[in-house]
Amino acid sequence: MAAAQPYMPQGVEPDVYADMTWVGLIGFRVTRTCLGSRLRLPYVGAFTEVNVRLYSRDAAGQRGVVFLSLDADRLAFVLAGRAAGLRYVWSRCRSTTTNGTSRGYAYEVERFHGKGTSSFTAYPDVDHRAVDGLSLWLTARFGIHTRMGQRAVYLPIAHPPWRLYCAAAAAVEDGLVRAAGLTVHGPPDSVLYSAGVRTQFGQPRQLDGRSQNTLGRRLILPSLKPLASGGRKGGRSWSKAGIDHPCAREETCPSRQ
(Lines give C-alpha, C1' and ligand atoms only; values in the text may rest on other atoms or scores of the structure.)
Protein backbone atom coordinates (compact mmCIF):
# COMPACT_ATOMS: atom_id res chain seq x y z
CA MET A 1 0.00 0.00 0.00
CA ALA A 2 2.88 2.35 0.76
CA ALA A 3 4.18 2.00 -2.83
CA ALA A 4 0.82 3.01 -4.31
CA GLN A 5 -0.03 5.88 -1.95
CA PRO A 6 2.30 8.51 -3.53
CA TYR A 7 0.33 8.24 -6.80
CA MET A 8 -3.02 9.02 -5.17
CA PRO A 9 -4.64 12.47 -5.37
CA GLN A 10 -5.35 14.25 -2.09
CA GLY A 11 -8.19 12.57 -0.23
CA VAL A 12 -7.74 9.25 -2.08
CA GLU A 13 -6.12 6.03 -0.90
CA PRO A 14 -5.23 2.71 -2.55
CA ASP A 15 -8.18 0.35 -2.50
CA VAL A 16 -7.51 -3.16 -1.25
CA TYR A 17 -8.77 -6.68 -1.82
CA ALA A 18 -7.77 -9.37 0.68
CA ASP A 19 -5.38 -6.86 2.28
CA MET A 20 -3.66 -6.08 -1.03
CA THR A 21 -3.81 -3.48 -3.78
CA TRP A 22 -3.00 -4.10 -7.43
CA VAL A 23 -1.47 -2.63 -10.58
CA GLY A 24 -3.05 -3.33 -13.96
CA LEU A 25 -1.84 -3.25 -17.55
CA ILE A 26 -4.99 -2.89 -19.66
CA GLY A 27 -5.33 -2.90 -23.45
CA PHE A 28 -8.38 -1.34 -25.13
CA ARG A 29 -9.69 -0.93 -28.63
CA VAL A 30 -11.92 2.15 -28.53
CA THR A 31 -14.58 2.65 -31.22
CA ARG A 32 -17.62 4.84 -31.86
CA THR A 33 -16.63 7.76 -29.63
CA CYS A 34 -19.34 10.44 -29.54
CA LEU A 35 -19.59 13.99 -28.25
CA GLY A 36 -22.94 14.22 -26.50
CA SER A 37 -25.42 11.58 -27.59
CA ARG A 38 -25.21 12.04 -31.38
CA LEU A 39 -22.01 13.57 -32.73
CA ARG A 40 -19.82 10.61 -33.71
CA LEU A 41 -16.08 11.05 -34.16
CA PRO A 42 -15.28 8.39 -36.80
CA TYR A 43 -11.49 8.93 -37.02
CA VAL A 44 -10.46 10.74 -33.85
CA GLY A 45 -12.71 8.50 -31.77
CA ALA A 46 -11.32 5.14 -32.91
CA PHE A 47 -7.95 4.15 -31.51
CA THR A 48 -5.92 1.66 -29.47
CA GLU A 49 -5.02 2.44 -25.86
CA VAL A 50 -2.90 0.64 -23.27
CA ASN A 51 -2.96 2.01 -19.75
CA VAL A 52 -1.32 1.35 -16.40
CA ARG A 53 -3.65 1.79 -13.45
CA LEU A 54 -3.93 1.56 -9.69
CA TYR A 55 -7.15 0.96 -7.76
CA SER A 56 -8.45 3.74 -5.54
CA ARG A 57 -11.04 4.75 -2.97
CA ASP A 58 -11.91 8.17 -1.60
CA ALA A 59 -13.24 9.34 1.77
CA ALA A 60 -16.85 9.07 0.52
CA GLY A 61 -16.31 5.39 -0.29
CA GLN A 62 -16.31 5.86 -4.08
CA ARG A 63 -14.12 3.26 -5.77
CA GLY A 64 -12.24 4.13 -8.93
CA VAL A 65 -8.93 3.94 -10.70
CA VAL A 66 -5.88 6.18 -10.81
CA PHE A 67 -4.11 6.13 -14.16
CA LEU A 68 -0.33 6.18 -14.05
CA SER A 69 -0.12 6.35 -17.86
CA LEU A 70 -2.41 6.01 -20.87
CA ASP A 71 -0.68 5.33 -24.18
CA ALA A 72 -2.77 6.02 -27.29
CA ASP A 73 -2.11 6.42 -31.01
CA ARG A 74 -4.52 9.29 -31.68
CA LEU A 75 -2.87 12.67 -30.99
CA ALA A 76 -6.09 14.69 -30.81
CA PHE A 77 -7.46 12.40 -28.12
CA VAL A 78 -4.14 12.46 -26.24
CA LEU A 79 -4.22 16.27 -26.13
CA ALA A 80 -7.85 16.28 -24.98
CA GLY A 81 -7.05 13.73 -22.27
CA ARG A 82 -4.12 15.78 -21.01
CA ALA A 83 -6.33 18.86 -20.83
CA ALA A 84 -8.64 16.83 -18.57
CA GLY A 85 -5.77 16.00 -16.21
CA LEU A 86 -5.12 12.44 -17.45
CA ARG A 87 -1.59 11.18 -18.12
CA TYR A 88 -1.94 10.42 -21.82
CA VAL A 89 1.16 9.58 -23.85
CA TRP A 90 1.21 9.74 -27.64
CA SER A 91 2.71 6.44 -28.78
CA ARG A 92 2.62 3.91 -31.57
CA CYS A 93 -0.09 1.50 -30.45
CA ARG A 94 -1.44 -1.53 -32.23
CA SER A 95 -4.05 -4.15 -31.46
CA THR A 96 -4.35 -7.33 -33.49
CA THR A 97 -6.29 -10.58 -33.41
CA THR A 98 -4.32 -13.79 -33.70
CA ASN A 99 -5.84 -17.00 -35.02
CA GLY A 100 -4.65 -20.51 -34.33
CA THR A 101 -5.70 -23.21 -31.91
CA SER A 102 -7.44 -20.42 -29.98
CA ARG A 103 -8.07 -16.77 -30.76
CA GLY A 104 -5.85 -14.24 -29.03
CA TYR A 105 -5.92 -10.47 -28.66
CA ALA A 106 -2.53 -8.80 -28.85
CA TYR A 107 -1.46 -5.27 -27.89
CA GLU A 108 1.79 -3.48 -28.67
CA VAL A 109 3.04 -0.06 -27.56
CA GLU A 110 6.16 1.77 -28.66
CA ARG A 111 6.70 5.19 -27.15
CA PHE A 112 8.48 7.76 -29.27
CA HIS A 113 12.19 8.42 -28.63
CA GLY A 114 12.65 5.00 -27.03
CA LYS A 115 10.86 5.91 -23.80
CA GLY A 116 9.15 2.57 -23.26
CA THR A 117 7.57 -0.44 -24.94
CA SER A 118 4.98 -3.04 -24.05
CA SER A 119 3.47 -6.11 -25.67
CA PHE A 120 1.20 -8.88 -24.49
CA THR A 121 -1.44 -11.27 -25.79
CA ALA A 122 -4.54 -12.51 -23.98
CA TYR A 123 -6.23 -15.79 -24.94
CA PRO A 124 -9.80 -15.86 -23.56
CA ASP A 125 -11.34 -19.07 -22.29
CA VAL A 126 -14.92 -18.56 -23.45
CA ASP A 127 -16.04 -21.60 -21.46
CA HIS A 128 -15.16 -19.90 -18.16
CA ARG A 129 -16.85 -16.67 -17.14
CA ALA A 130 -14.87 -14.69 -14.58
CA VAL A 131 -17.34 -14.14 -11.74
CA ASP A 132 -15.03 -14.51 -8.73
CA GLY A 133 -14.65 -11.73 -6.19
CA LEU A 134 -11.26 -10.51 -7.38
CA SER A 135 -12.31 -10.20 -11.02
CA LEU A 136 -15.40 -8.22 -10.09
CA TRP A 137 -13.42 -6.03 -7.69
CA LEU A 138 -10.91 -5.19 -10.41
CA THR A 139 -13.47 -4.29 -13.05
CA ALA A 140 -16.55 -3.00 -11.17
CA ARG A 141 -15.20 0.56 -10.94
CA PHE A 142 -17.33 3.45 -12.06
CA GLY A 143 -15.01 6.41 -11.99
CA ILE A 144 -11.55 7.93 -12.22
CA HIS A 145 -9.69 9.73 -9.44
CA THR A 146 -7.39 12.37 -10.86
CA ARG A 147 -6.15 15.93 -10.48
CA MET A 148 -7.37 18.91 -12.47
CA GLY A 149 -4.93 21.70 -11.72
CA GLN A 150 -4.72 21.90 -7.94
CA ARG A 151 -7.99 20.07 -7.41
CA ALA A 152 -8.56 16.39 -6.76
CA VAL A 153 -11.65 15.24 -8.66
CA TYR A 154 -13.74 12.14 -9.29
CA LEU A 155 -14.88 11.61 -12.89
CA PRO A 156 -17.89 9.24 -12.90
CA ILE A 157 -18.33 6.70 -15.69
CA ALA A 158 -21.55 4.80 -16.41
CA HIS A 159 -21.61 1.45 -18.22
CA PRO A 160 -23.16 -2.00 -17.92
CA PRO A 161 -21.18 -4.67 -16.07
CA TRP A 162 -18.30 -6.12 -18.06
CA ARG A 163 -18.98 -9.60 -19.44
CA LEU A 164 -15.68 -11.07 -18.30
CA TYR A 165 -13.84 -14.22 -19.30
CA CYS A 166 -10.83 -15.82 -17.73
CA ALA A 167 -7.84 -15.66 -20.04
CA ALA A 168 -4.23 -16.75 -20.32
CA ALA A 169 -1.43 -14.27 -20.98
CA ALA A 170 1.38 -14.97 -23.42
CA ALA A 171 4.48 -13.12 -24.62
CA VAL A 172 4.28 -10.48 -21.90
CA GLU A 173 7.14 -8.03 -22.41
CA ASP A 174 6.21 -4.89 -20.53
CA GLY A 175 8.18 -1.77 -19.67
CA LEU A 176 5.26 0.57 -18.95
CA VAL A 177 4.67 -0.49 -15.34
CA ARG A 178 8.37 -0.06 -14.64
CA ALA A 179 8.38 3.32 -16.43
CA ALA A 180 5.56 4.41 -14.09
CA GLY A 181 7.85 3.74 -11.12
CA LEU A 182 6.59 0.35 -9.93
CA THR A 183 8.23 -3.06 -9.97
CA VAL A 184 6.40 -6.37 -10.36
CA HIS A 185 7.80 -9.87 -10.56
CA GLY A 186 6.64 -13.05 -12.25
CA PRO A 187 3.57 -13.71 -14.38
CA PRO A 188 0.31 -11.81 -13.79
CA ASP A 189 -2.08 -13.19 -11.21
CA SER A 190 -5.23 -12.08 -13.00
CA VAL A 191 -5.82 -12.16 -16.76
CA LEU A 192 -9.27 -11.10 -18.01
CA TYR A 193 -10.94 -10.39 -21.34
CA SER A 194 -14.17 -8.65 -22.34
CA ALA A 195 -15.63 -8.02 -25.79
CA GLY A 196 -16.64 -4.54 -24.63
CA VAL A 197 -19.33 -2.26 -23.25
CA ARG A 198 -20.72 1.18 -24.04
CA THR A 199 -19.64 3.92 -21.62
CA GLN A 200 -20.72 7.46 -20.75
CA PHE A 201 -18.72 10.03 -18.82
CA GLY A 202 -20.34 12.33 -16.24
CA GLN A 203 -19.41 15.71 -14.80
CA PRO A 204 -16.24 15.70 -12.65
CA ARG A 205 -16.83 16.28 -8.93
CA GLN A 206 -14.28 17.89 -6.66
CA LEU A 207 -13.22 15.82 -3.65
CA ASP A 208 -13.36 17.38 -0.21
CA GLY A 209 -9.76 16.45 0.58
CA ARG A 210 -10.54 14.33 3.62
CA SER A 211 -8.90 10.92 3.69
CA GLN A 212 -10.00 7.70 5.38
CA ASN A 213 -6.98 5.88 6.72
CA THR A 214 -8.89 2.65 7.28
CA LEU A 215 -7.69 0.45 4.42
CA GLY A 216 -5.43 -2.59 4.50
CA ARG A 217 -1.75 -2.31 5.29
CA ARG A 218 -0.21 -4.55 2.63
CA LEU A 219 0.59 -3.64 -0.96
CA ILE A 220 -1.03 -4.97 -4.08
CA LEU A 221 -1.01 -3.20 -7.33
CA PRO A 222 -4.20 -2.68 -10.29
CA SER A 223 -9.82 -1.39 -12.63
CA LEU A 224 -13.02 0.37 -13.43
CA LYS A 225 -16.57 0.80 -12.11
CA PRO A 226 -19.50 2.89 -13.46
CA LEU A 227 -21.47 5.45 -11.49
CA ALA A 228 -24.67 6.52 -13.21
CA SER A 229 -24.64 10.13 -12.07
CA GLY A 230 -23.54 13.44 -13.51
CA GLY A 231 -24.37 14.91 -16.90
CA ARG A 232 -23.73 13.05 -20.13
CA LYS A 233 -20.47 13.92 -21.82
CA GLY A 234 -20.52 11.39 -24.64
CA GLY A 235 -19.82 7.72 -24.86
CA ARG A 236 -17.31 5.18 -26.07
CA SER A 237 -17.43 1.51 -26.91
CA TRP A 238 -14.60 -0.60 -25.53
CA SER A 239 -13.11 -4.03 -25.97
CA LYS A 240 -10.41 -4.82 -23.50
CA ALA A 241 -7.90 -7.32 -22.19
CA GLY A 242 -6.06 -6.79 -18.95
CA ILE A 243 -3.37 -8.35 -16.81
CA ASP A 244 -2.96 -7.56 -13.13
CA HIS A 245 -0.17 -8.05 -10.62
CA PRO A 246 -0.41 -8.23 -6.82
CA CYS A 247 2.29 -8.61 -4.21
CA ALA A 248 0.88 -11.97 -3.17
CA ARG A 249 -0.46 -14.71 -5.37
CA GLU A 250 -4.13 -15.66 -5.43
CA GLU A 251 -5.69 -18.10 -7.89
CA THR A 252 -9.08 -17.00 -9.19
CA CYS A 253 -9.65 -18.51 -12.67
CA PRO A 254 -9.55 -22.24 -13.42
CA SER A 255 -7.94 -21.54 -16.82
CA ARG A 256 -4.72 -20.32 -15.23
CA GLN A 257 -3.00 -23.52 -14.25
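Buried means under 20% relative accessible area, exposed means over 50%, and partly exposed lies in between, with a 1.4 Å probe and protein chains only as cover. By that rule F77 is buried, and so is Y88. This is a predicted model, in which local features need pLDDT of at least 70 and side-chain atom pairs count only at pLDDT 80 or more, while totals for chains, interfaces and linings use all residues. Residues are numbered from 1 along each chain as its sequence is written, and side-chain values use heavy atoms, with hydrogens and water left out.

**Overall picture**

- The chain has three helices and 15 strands. Both are DSSP runs numbered from the N terminus: helices are H or I with at least four residues, strands are E with at least two.
- The chain has 257 residues, and 53% of them count as buried.
- Accessible areas come from the Shrake-Rupley method with a 1.4 Å probe; for residues, only the protein chains shown count as cover.

**Strand pairing**

- Two strands pair if DSSP finds at least two bridges between them.
- Strand β8 (residues 117-129) pairs with β11 in the antiparallel sense, over seven bridges. A122 has A169 of β11 as its bridge partner.
- β11 is also joined to strand β12 (residues 190-194) by three bridges, and these two run antiparallel. Here L164 is partnered by S194 in β12.
- Strand β10 (residues 151-158) and β13 form an antiparallel pair over two bridges. A158 stands opposite Q200 in β13.
- In a regular strand the side chains alternate between the two faces of the sheet.
- Strand β13 (residues 198-201) has a covered face made of T199 and F201. Its uncovered face holds R198 and Q200.

**Aromatic pairs**

- The structure holds eight aromatic pairs. Rings of Phe, Tyr and Trp (its six-membered ring) pair if their centres lie within 6.5 Å; planes under 30 degrees apart count as stacked, over 60 as edge-to-face and the rest as tilted.
- One of the pairs is F28 with W162: the ring centres are 6.5 Å apart and the planes stand at 50°, so the pair is tilted.
- F28 lies in strand β2 (residues 23-35) and W162 in the loop between β10 and β11 (164-174), so this pair ties together parts that are 134 residues apart in sequence.
- F28 is buried, with a relative accessible area of 2%. W162 is buried too, at 7%.
- F77 and Y88 have ring centres 5.8 Å apart and planes at 75°, so they form an edge-to-face pair.
- That pair links distant parts of the chain: F77 is in helix α1 and Y88 in strand β6 (residues 88-98), eleven residues apart.
- Y17, Y55 and W137 are linked into a cluster by ring pairs.

**A nonpolar surface patch**

- L75, L79 and W90 form a nonpolar patch on the surface, and together they have about 280 Å² of accessible area.
- Patches are made of residues with over 30% relative accessible area and no salt bridge; like charges are joined within 9 Å, nonpolar side chains (Val, Leu, Ile, Met, Phe, Trp, Tyr) within 5 Å. A salt bridge is a side-chain nitrogen of Lys or Arg within 4 Å of a carboxyl oxygen of Asp or Glu.
- L75 sits in helix α1 (residues 75-83). Its relative accessibility is 35%, so L75 counts as partly exposed.

**A buried loop residue with polar contacts**

- Q62 is in the loop between β4 (47-58) and β5 (63-72). Its relative accessibility is 19%, so Q62 counts as buried.
- The side chains of Q62 and D58 make a polar contact of 2.7 Å. Another, of 2.6 Å, joins the side chains of Q62 and R205.
- A polar contact is a pair of N or O atoms within 3.5 Å; within protein, one must be able to donate a hydrogen and the other to accept it, and residues adjacent in sequence count only if both atoms are side-chain atoms.

**Positive phi angles**

- A18 is not a glycine, yet it has a positive phi of about 55°. A18 lies in the loop between β1 (12-14) and β2. At 47% relative accessibility, A18 is partly exposed.
- D19 is not a glycine either, and its phi is positive at about 65°. D19 is placed in the loop between β1 and β2. At 45% relative accessibility, D19 is partly exposed.
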